[in-house]
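Welcome! Take a moment to look over the sequence and the model, and then we can walk through a few places together.

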Amino acid sequence: MRLAMWSGPRNLSSAMMYAFAQRSDFAVVDEPFYGPYLRLTGLDHPMRAEVLASRAETQVEVEQSLIGPIPNGKSHVYHKHMCQHMIDGIPRSFMDACVNVFLIRHPARVVASFMKGYPDTTSDDIGFDRQLELYDYVTSLGQTPVVIDSADIRRNPEAMLQALCAAIGLDWDPAMLQWPKGPKPYDGAWAPVWYTSLHQTTGFAGPEGDLPRLEGRAHDLAEGALPAYNALRARALTL
């Protein structure tokens with residue numbers, strides 16, 4: 001199985017990658033299109049030089065690697081994808097060879113978290129409209145993709161991960177609930193900027209509190225992303 005997990009930033013996606021990495025039957029790949037995305041856009045993201053050096057492949061080479069042999073002799077592979085990376089020029093045909101899952105999070109939480117590290121955030125950076133577009137694209141391929149909300153995972157990690165595994169035809173493995181503290185060898189080069197809090201954890205955090213109260217541009221960004229989020233939330237996996 002090639003499991004493509006489609007998320008925006010600040011959305012439990014790295015924790016989910018860690019969870020799948022604990023399975024003995026899975027390899028994981030962290031944001032394979034990040035390098036080509038930065039080259040195509042010219043964006044000055046934190047650690048841009050390090051990201052480009054670590055993701056030297058062209059977008060075509062990345063696509064071929066995603067449908068090529070699964071790394072490390074494993075039976076399955078987990079691809080952690082950022083929806084905002086899938087701009088014009090990034091190929092999509094590989095998605096037909098993948099089991100596609102869409103990981104969502106309320107936009108108010110995404111905006112509040114992402115803007116702490118990237119104050120000039122735009123709607124393209126948080127990727128909600130692109131996520132819905134990719135969902136529709138996968139549906140057009142004849143697939144019925146799974147949608148799962150990070151809030152539901154945090155409320156009940158074991159039950160939701162069991163439900164996710166069942167929905168995509170995987171046996172449940174309780175090893176997914178815990179991982180070792182600290183950096184991981186499969187982390188992307190950008191981990192020192194974005195994963196520092198995650199590196200202090202050994203499992204999923206508990207339920208989140210009330211939605212953050214946003215003002216000004218942050219409020220407008222979150223409001224603009226709500227229609228796409230709500231459309232996917234209506235399709236989310238439930239217990």
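## A histidine and its neighbours

Leaving aside residues up to four places away in sequence, H76 touches M1, D25, F26, A27, I70 and L170, where contact means heavy atoms within 4.5 Å. H76 sits in strand 3; helices (H or I, at least four residues) and strands (E, at least two) are DSSP runs, numbered from the N terminus. With a relative accessible area of 17%, H76 is buried (buried is under 20% relative accessible area, exposed over 50%, partly exposed in between, with a 1.4 Å probe and protein chains only).

This is a predicted model, in which local features need pLDDT of at least 70 and side-chain atom pairs count only at pLDDT 80 or more, while totals for chains, interfaces and linings use all residues. Residues are numbered from 1 along each chain as its sequence is written, and side-chain values use heavy atoms, with hydrogens and water left out.

## Helix 7 and its buried face

Helix 7 covers residues 128–140, 13 residues in total, and reaches 19 Å from its first C-alpha to its last, close to the 18 Å expected at 1.5 Å a residue (the expected span is 1.5 Å times one less than the number of residues). Which residues of helix 7 are buried? They are F128, Q131, L134, Y135 and V138.

On the face turned away from the buried side are the exposed residues D129 and S140. After helix 7 comes G142, with a positive phi near 95 degrees.

## The largest pocket

About 850 Å³ of space lies in the largest pocket. On a 1 Å grid over the protein atoms alone, a pocket is an open set of points with protein on both sides within 12 Å along at least five of seven lines, a cavity is a set where a 1.4 Å probe fits but cannot get out, and lining residues have an atom within 4 Å of a point. Grid points are joined across faces, edges and corners, and a volume is the space filled by probe spheres set on the points.

The pocket has 37 lining residues, with R10, N11, L12, S113 and W194 nearest its centre.
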